[in-house]
Every structure is written in structure tokens, then in C-alpha cells.
Amino acid sequence: MNMQWNLEQLRLFVGVAELRSFSAVARQQRKAQSAISSAIAQLEDDLGVSLFERSSGRQPRLTEAGSALLQEAREILRQCDRLNGRALALMRGQEARLRLAQDEAMPYQPVLDSLEALAEHFPSLEVQLASGAQGDVARKLVERRADLGLLFHHEQMPETLERRALGSVEMVTVCAVGHPLAHEKRVNRQLLALHRQLLIAPQASGYPGGEQVSPQVWRADSFYVLAEWLMRGLGWAWLPRHVVQYPAYQNQMVELASQWTPPALVVELAWRRDEPLGPAAHWLAERFAVHLKAIG
């Protein structure tokens, strides 16, 4: 077998597999469609297998071999991004500025402890912290408006991000002290369904705790907005335990014993695979790992 394939061919292979179109990849790459087809044909030659079934007038479909090799190709490209990123970090040296983005519902004490330690260790570093609602952090990283992100894991995390799980946050079922459910010893789904439910984020976001139980719902992209609504008796909700324990909410919420609560929110550290972490960001990542592991 002649192993002369190159990274450009792998990128085109992954592109055609994802877009299911030679012409769409050609437009994206600003190349002739024939050039894309030739590159894929050359890759098939080099690998000794057919990657796509080609039927006239139909979208290219992966063969069995193509499906098997797609994940390998993606992983090789990811490794290349990591290599380029690491080299870039070594070339740049210590960063002058660190842009951190965090979900606004992140437990604040571990974040503050980590940033305080960072200030002592890197006194000349400029830090910019942006807090956002669900989805904002990943968006900032993808759009290169942040270097490092703290966010809650969800099903639709962008493929371009490298991620590391740091800890988890327990979810609890709560209502306001004056809410009709507050006097119930234990609640089941049928009982919860009789009252308005306050839900996080858009329906299709893939965040834990996004399951609709009640026919009547209000939605917000912030756990703190849900908490404010909840305290005004507008409904019941699933909230992270540290949000319920926020000093301003003390004695205003009741935790309900429930037959079902969502799985814990997984706290993740995220960064772009092709934008390496500098020394200060690496150091802060390790601090976060220490401080956020303790929140379980």
C-alpha cells in the first residue's frame, strides 16, 4: 500500500462526510468540484479502500470502510490542531492577557479562590472575566472572544472545543415558601404537573434538567432568573444546590422531596483545540481543577 495521503485529503474527506456533498465542500474551499473529487479518489487509492458510494444524482454516502475510518481521520486532525496549538504556545511564551468566560451560575467561591491565587502567581497578568447565560460561554470560545471557559456540560458541545470535566453540581427540586407545593411531604410527577414549571434554556439545548413535566412552562437561559421567578411564586424548578443556597435566597425557598431529580450538572473547563493555553491559563486550569472538584 502506498501511504502518501496528506492532511488536506483527510480534511476534505471529513468535510464531504459531514456535509454529504462534494459541491458544498468545493464551495467552502473555493475550489473546483473536480479537485475535491480527485483528492478523495487519490486518498482512496493511497488507503486502498473506497470511502464513498457514488451513485449518479445522489448524495455521497460513506461505505462501511469510510465509516470505520472517519473517526480515525477526525482524531488525526484533532491531534494536528493540538500539535500546532502547543507549538504556538511555546513560541508566544507567557500571555499578557487572559480572557475567561464562565456560566453565571458557576459556584462563585471556587472561582474567586482560583482567581485570587492567580493574581498572586501572575501579578502582571491582565484578566478579563465575562459571565454569561447558558450557551454563551461555548459561543465566546468558538468565536475567539475568550481563551478559557467554565461551563456546564450539555449534549451539543461544539466539536472545536477541548474539554475537561472538573466536578459536578447537585440539582434539587424547589419552590417558594408560599407555593402550594411547599407543604407537601413528597412530590411525584403527577403532582408537579399540576403547577407551572420553570425550565432552563431552549428546549433543544441538551442541558440536564431540561425535561418538561408540566403542560405549563416558563423558560429562561439563567438559573438566577429562574430563582427570582420562583421566589415570586411563579412556579417550581430544578436548580443547582449552590444557587438555592445563595445568601439572598435564604429562607425563601423550600427543597421538595421528589421521586425524580435531573442528573448532576457536570462542570467543564473548555478551550479551543487550535488556540493553546498559555502558562497562566494552564496554571489557572489546575487551580480550577483543585477548587471545583470539592463542590460535588
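**Entry 1: two helices**

I began with the contact between two helices: Pro110, Val111, Asp113, Ser114, Leu115, Ala117, Leu118 and His121 of H5 meet Ala280, Trp283, Leu284, Arg287, Phe288, His291 and Leu292 of H10. Contact here means heavy atoms within 4.5 Å, and helices are DSSP runs (H or I, at least four residues) numbered from the N terminus. I sorted the residues of this contact by class and got 10 nonpolar, 3 polar and 2 charged. For the classes, Ala, Val, Leu, Ile, Met, Phe, Trp, Tyr, Cys and Pro count as nonpolar, Asp, Glu, Lys and Arg as charged, and the others, Gly among them, as polar.

A note on what I am reading: this is a predicted model, where local features need pLDDT of at least 70 and side-chain atom pairs pLDDT 80 or more, while totals for chains, interfaces and linings use all residues. Residues are numbered from 1 along each chain as its sequence is written, and side-chain values use heavy atoms, with hydrogens and water left out.

**Entry 2: domains**

Next I looked up the domain assignment, which gives domain 1 (5-90), domain 2 (95-166 + 264-292) and domain 3 (170-262); such bounds come from an automatic or database assignment. The centres of domain 1 and domain 2, taken over C-alpha atoms, are 32 Å apart.

**Entry 3: the largest pocket**

Which domains each give at least three residues to the lining of the largest pocket? I found domain 1 and domain 2. Helix H1 gives the most to this lining, with 5 residues. Helix H2 (22-29) and helix H4 (64-92) are also among the elements that give two or more. By class, I noted 4 nonpolar, 4 polar and 9 charged residues in the lining.
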